[in-house]
Amino acid sequence: MKSLFDTVSFQCSKLVTKKYSTSFSLAVYMLSPSIRDAIYSVYGFVRFADEIVDSFHDYDKENLINDFEKEYYKAMKLGISLNPILNSFQQTVKHYNITDDLIQAFLKSMKLDLVKSTYNTQTEYEDYIYGSADVVGLMCLKVFVKGNPQKYEQLKNEAMRLGSAFQKVNFLRDLKDDNLVLNRTYFPGVDLNSFDEDAKCSIINEIEEDFRIAYQGIVRLPIEAQFGVYTAFVYYKKLLKKLKNTPCHQIGTSRIRVSNYTKAGLLAQSFVTYKLKLV
């Protein structure tokens, strides 16, 4: 029975989300049950593609990502895939009218990670972030507005800025691993050798402006999505604050985290703020 397989497929996407990101999983749980599965499926798709280029060092990454792309389009054509992550995602793409330009932009940035290690110009940097993060925010927005094109256009810029903010926080947090493990430098002109307080402050100011604009969209999101997105927003703002208060040399030598205890406190704080209609 196809419906049972579909249920299992969405459960697999949920499991991927929970295992790979407790923070994002918590935020998704704060969404309305009516849209949770769709967001889990988006995360499962982008996480698997990201894992291919970032983690599968003992395998032919290029072949894997190309096969992943081919299998996705095969699933779109047939309406089914025996890969449960692709099976759930293709259903979400169709149901919420997620356009193919978003998928292609995302896969382009993932493939860049196989061949490009340094982003020397602002244009290269922005193009990569658009494909790796902004379009993921836009995929989620398609779900949040239930495919409504007018609402999508109204919130598109803010969704992209939120995606950018999240990605840049990740870049800053992962500066050491990106440089030493993956040999990548995303921030133009910044690596472990040139990373100082001025560079850190410049990046943080850029992220804070992204958050400022993104918040203007969060307050206008449909009720089904608002609290979940706000929860993720609060978590990343806390992580950014922690990075801001961490000396630049420490960011370059360790991975800054927000403890589970702090995450629980942030969730409680977010809930109170939301219920008091202060968002």
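Buried means under 20% relative accessible area, exposed means over 50%, and partly exposed lies in between (1.4 Å probe, protein chains only). With that noted, here are my entries.

**Ground rules.** I am working with a predicted model, in which local features need pLDDT of at least 70 and side-chain atom pairs count only at pLDDT 80 or more, while totals for chains, interfaces and linings use all residues. Residues are numbered from 1 along each chain as its sequence is written, and side-chain values use heavy atoms, with hydrogens and water left out.

**Lys-200.** I looked up this lysine and found it buried, at a relative accessible area of 2%. Lys-200 sits in helix α10, residues 197–218 (helices are DSSP runs of H or I with at least four residues, strands are runs of E with at least two, and both are numbered from the N terminus). I then asked what Lys-200 is in contact with, leaving aside neighbours within four places in sequence. The list is Phe-195, Leu-243, Lys-244, Thr-246, Pro-247, Cys-248 and Ile-251, where contact means heavy atoms within 4.5 Å.

**Asp-54.** Next I turned to helix α3 (residues 33–55), where Asp-54 is found. Asp-54 is buried too, with a relative accessible area of 18%. Beyond its neighbours within four places in sequence, I see Asp-54 in contact with Lys-61, Asp-113, Leu-182 and Arg-184. With Arg-184 there is a side-chain polar contact of 2.6 Å. For my records, a polar contact is a pair of N or O atoms within 3.5 Å; within protein, one must be able to donate a hydrogen and the other to accept it, and residues adjacent in sequence count only if both atoms are side-chain atoms. I also checked Met-110, 56 residues from Asp-54 along the chain, and the two C-alpha atoms are 9.1 Å apart.

**The core.** I went on to the largest nonpolar core, which has 77 residues. Helix α7 (residues 122–144) gives the largest share of this core, 12 residues. Such a core is a set of buried Ala, Val, Leu, Ile, Met, Phe, Trp, Tyr and Cys residues joined through side-chain atoms within 4.5 Å. Among those with the most contacts inside it are Phe-45, Met-139 and Phe-211. I followed Met-139 and, setting aside neighbours within four places in sequence, found it in contact with Val-42, Phe-89, Ile-98, Leu-102, Ile-103 and Phe-106.

**Two positive phi values.** Asn-97 is not a glycine, yet its phi is positive, about 55°. I find Asn-97 in the loop between α5 (84–95) and α6 (100–115), partly exposed at 45% relative accessible area. Lys-146, also not a glycine, has a positive phi near 55° and lies in the loop between α7 and α8 (149–173).
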